[in-house]
Amino acid sequence: SSFTSPNTGDHPLWLDPPPPSPPTHLAMDLIGLTQKDKDTILKKRQDEVERRKRFLDARTRKIGLDLQTLNQQTMERHTMNQTERDADRTFALNSQYIDEMALANQAQHDAEMRNLDKECRDFSMTELAREKRREFALYDPDGLKKDRPARVGDDDPRCGVSSMQKFDGEDLDHDAREEAKKQYMAHTLQQQMEERRRLEEEKRLEEAEFGDHTLAMCNLANAIEQDEEELRKQKAMEQRDYNRRMMEEKRMAKQAAEDARKATERRDLDTQMNSQLLGLKDKSNYMAFKQHVLDEQYHQVMEKKAATKAEQDEEAAFAQLLEQQRHLQNAIEEDKQAQALAERLSNVETNRQMGQARSNMNSRLDALYKNDITPDYYKQFQTKSR
């Protein structure tokens, strides 16, 4: 009696599974593919067959983690990390060695360059001095001191038969030459003096023109400020006159309205007193009514006076306010004028300082570039002969 697995057909479970049969020919679905794709597909199929074989084999199948494989992976990881650390250490040592070699080469190169530079300087100081140049005799400052005289005594071997250097007699053109030289020097000195006078006159005219321009600008600014001040004063006077006229018209209009009201009240009182509708036949009743009317008028007059007094107080306060505003405006204008005056004085002082500084600079330049002819200039002629 044998037990068979339902998944494997008639093959018993305790027996080894049959080995997978290797593919003997290509499947029909691989036709038309490249060789690389065919190899990839066949490898995957072979891996799947081997995986099934391992899974179906009870002796080789294991449940849980494979400790041996994990330990092997851990050892491989440690080995790889150690290899990387060794490679990094080797790279660091190589980098340090290369850096030290580069520094040593650079120091050697710098030393060589310094030695070469020192040799060049030494060679220049010893072999390239201007005294050793071929044309140094042309501009040697001590050339006359080093030069030998034309003759050294009467027995100088350099003087031959035709080497006459000394003659008896006098210089016939000496006076004419000296006179021409003096005339030339006098003419040159006169030209320099004329040029200096011309420059001084131009400077004086320029400074005078600058001063006139500055004064004209100050006068123009003063005139403009004066015109503005006159215009402000005129506007203030016109405003005060207008305010007075308006106050006078208002007072006259009030006076006319008051007179008209009083006339109207007198007419109403006379009408009431003479009216027949009142029926004041009795003299006592008439006098009582008249006294009542007079008392009422008195109260009205007192109320009117109080109202007028309040109105006058209000107008006085308004006039005082206007006067305070006028004083404040005058104070502001005076302050503006004082500031403008101080600014003008500051500008004048600044212009004066600038003019003084310019004059000082011109004086220093004249003293620096002065070309005076001194007696030493004439003494340098006719001092030596050859």
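**Entry 1. Fold**

I counted 6 helices and 0 strands in the protein; helices (H or I, at least four residues) and strands (E, at least two) are DSSP runs, numbered from the N terminus. Along the sequence I read the pattern α-α-α-α-α-α.

I note that this is a predicted model, in which local features need pLDDT of at least 70, side-chain atom pairs count only at pLDDT 80 or more, and totals for chains, interfaces and linings use all residues. Residues are numbered from 1 along each chain as its sequence is written, and side-chain values use heavy atoms, with hydrogens and water left out.

**Entry 2. Burial, surface and contacts**

I looked up how much of the protein is buried, a term that means under 20% relative accessible area, with exposed over 50% and partly exposed in between (1.4 Å probe, protein chains only). Of the 386 residues, 5% count as buried. The protein exposes about 34,300 Å², and carbon and sulfur atoms supply 56% of that area. Accessible areas come from the Shrake-Rupley method with a 1.4 Å probe; for residues, only the protein chains shown count as cover.

I then turned to contacts (heavy atoms within 4.5 Å). Among those with a separation of 6 or more, 45% are between residues 24 or more positions apart.

**Entry 3. Largest pocket**

I searched for pockets on a 1 Å grid over the protein atoms alone: a pocket is an open set of points with protein on both sides within 12 Å along at least five of seven lines, where a 1.4 Å probe fits, and lining residues have an atom within 4 Å of a point. Grid points are joined across faces, edges and corners, and a volume is the space filled by probe spheres set on the points.

The largest pocket holds about 660 Å³ of space. Its lining has 23 residues, of which Arg-251, Lys-254, Thr-308, Glu-311 and Glu-315 are the closest to the centre. I found that α4 (174–274) and α5 (283–368) each supply at least two residues of this lining, and that α4 gives the most, with 12 residues.

I sorted the lining by class: Ala, Val, Leu, Ile, Met, Phe, Trp, Tyr, Cys and Pro count as nonpolar, Asp, Glu, Lys and Arg as charged, and the others, Gly among them, as polar. The largest pocket has 7 nonpolar, 4 polar and 12 charged residues in its lining.

**Entry 4. Second largest pocket**

I recorded about 490 Å³ of space for the second largest pocket. Of its 17 lining residues, Glu-195, Arg-196, Leu-199, Asp-366 and Tyr-369 lie nearest the centre. Here α4 and α5 each supply at least two lining residues, and α4 gives the most, with 10. By class, I listed 5 nonpolar, 3 polar and 9 charged residues in the lining of the second largest pocket.

I examined Asn-362, which has its place in helix α5. Asn-362 counts as buried because its relative accessible area is 15%. Not counting residues up to four places away in sequence, Asn-362 touches Lys-203 and Glu-207.

I followed this to Glu-207, which lies in helix α4. With a relative accessible area of 31%, Glu-207 is partly exposed. Under the same exclusion of residues up to four places away in sequence, Glu-207 touches Ser-359 and Asn-362. I also noted 7.6 Å between the C-alpha atoms of Glu-207 and Gly-355, which are 148 residues apart along the chain.

**Entry 5. Aromatic pair**

I found 1 aromatic pair in the structure. Phe-136 and Tyr-139 form this pair, with 5.6 Å centre to centre and 80 degrees between the planes, an edge-to-face arrangement. Rings of Phe, Tyr and Trp (its six-membered ring) pair if their centres lie within 6.5 Å; planes under 30 degrees apart count as stacked, over 60 as edge-to-face and the rest as tilted. Phe-136 counts as buried at 8% relative accessibility, whereas Tyr-139 is partly exposed at 38%.
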